[in-house]
Amino acid sequence: DLAVAEPDEESEGDSSDDEDESSPAGKRPRLAVPSSLQNLFAEHVDDPAEHQGRTRRLPHVDGNFPTSIFLPIAATAAWRRQAETCASTLRKLIASSGDASAVVHLTDPGAGIGWHVSLAPLLMLRRQFADPLLASLRRVTESLISPTGVRGKVSFENSVEILASCEGDRYFAGVAMSEASEAWVKPLAAGVMKAASDLGLVQGPCLPLDSMRLHVSLAWTTADPRPGLSSAAAGSSWHFRESCWGRSWSSNQQDDAADSLETPARALHVRIGDRT
């Protein structure tokens, strides 16, 4: 929410410099501190236990709005079955690593931005940049169309992909976008990145889009599945990739009997803070 909190009226008090007659001689009355300012300089500490073991990627700064730019995925029956397959794959990999206490979580399609394809890293947006960013993104979407039109469908592979966060403290299981869809979605992502970079919203250099792995994360864990992936890799069932975007392992086993995974690309979605 972009609403601005204002000081409580009752905290304004009397700003007179006159001494309080009832106070000891030589002392001035103390004015009440507005409630909105009392914790202004308090250090914000995140407890990973409150977030299923996750830690904040970027420090909390008042006035910064976390901003995601993405294509949403509807939670259809086919996608829910694929999510269960991804979670089951992660559990098997972790079990073969010998970590019996590890927990695998299904990504909640109803929380936050739900299931989605990110077209840019998480941005921290100041309020005054919201309208310029949205205007730039509208120009990007007007200049790009899919081969079948603006309302084309995006398709995905039906094999499982394992991805690691850059910090190596979280691992995800999901599905990668098909090469045919990447051919027109990556230029869209490039336009999104340029719009954010032109406003100074991208920290560090822009990463090359040709190595960007467009995907949907459907399950995740803080446990390390790499020992299981290494043992499985000996049988050539996983293909390892590493780039400046991170690391991923894609399964060589395609399920031809699996449901077709796709999503309509009707619009580019932007979530600023708690508003989409």
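Which polar atom lies 3.5 Å from the backbone nitrogen of Ala219? In this predicted model, the atom belongs to the side chain of Thr107; a polar contact is a pair of N or O atoms within 3.5 Å, where, within protein, one must be able to donate a hydrogen and the other to accept it, and residues adjacent in sequence count only if both atoms are side-chain atoms. Thr107 is placed in the loop between strand 2 and strand 3 (116-118). Setting aside residues up to four places away in sequence, Thr107 touches Trp115, Ser217, Leu218, Ala219 and Trp220, contact being defined as heavy atoms within 4.5 Å.

Residues are numbered from 1 along each chain as its sequence is written, and side-chain values use heavy atoms, with hydrogens and water left out. As the model is a predicted one, local features need pLDDT of at least 70 and side-chain atom pairs count only at pLDDT 80 or more, whereas totals for chains, interfaces and linings use all residues.

Helices (H or I, at least four residues) and strands (E, at least two) are DSSP runs, numbered from the N terminus. An open sheet is formed by six strands in the order 2-8-7-6-10-9, with antiparallel pairing; two strands pair if DSSP finds at least two bridges between them. From one strand to the next, the twist averages 30°. Strand 9 is joined to strand 10 (residues 246-251) by six bridges, and the two run antiparallel. Within this pairing, His239 stands opposite Ser250 of strand 10. Helix 1 (residues 77-96) lies across strand 2, strand 6, strand 7 (171-176), strand 8 and strand 9, and runs at about 45° to strand 8. Axes are lines fitted to C-alpha atoms, for helices over the stretch in contact, and angles run from 0 to 180 degrees between N-to-C directions.

Apart from its neighbours within four places in sequence, Ile162 is in contact with residues including Leu90, Leu93, Phe172, Ala173 and Trp249.

Four salt bridges are present in the structure, each a side-chain nitrogen of Lys or Arg within 4 Å of a carboxyl oxygen of Asp or Glu. Lys153 pairs with Glu262, with 3.4 Å between the closest N and O atoms. Because Lys153 lies in strand 5 (residues 153-156) and Glu262 in strand 11 (residues 261-264), this pair ties together parts 109 residues apart in sequence. Lys153 is exposed at 53% relative accessibility, whereas Glu262 is partly exposed at 35%; buried means under 20% relative accessible area, exposed over 50%, and partly exposed in between (1.4 Å probe, protein chains only).

A second salt bridge joins the side chains of Glu161 and Arg213 (2.7 Å, N to O). Glu161 belongs to strand 6 (residues 161-164) and Arg213 to the loop between helix 3 (179-198) and strand 8 (215-221), so parts 52 residues apart in sequence are tied together. Glu161 is buried at 3% relative accessibility, while Arg213 is partly exposed at 24%. Asp198 and Lys194 also meet in a salt bridge (2.8 Å, N to O). Both residues lie in helix 3, four residues apart, about one turn of the helix.
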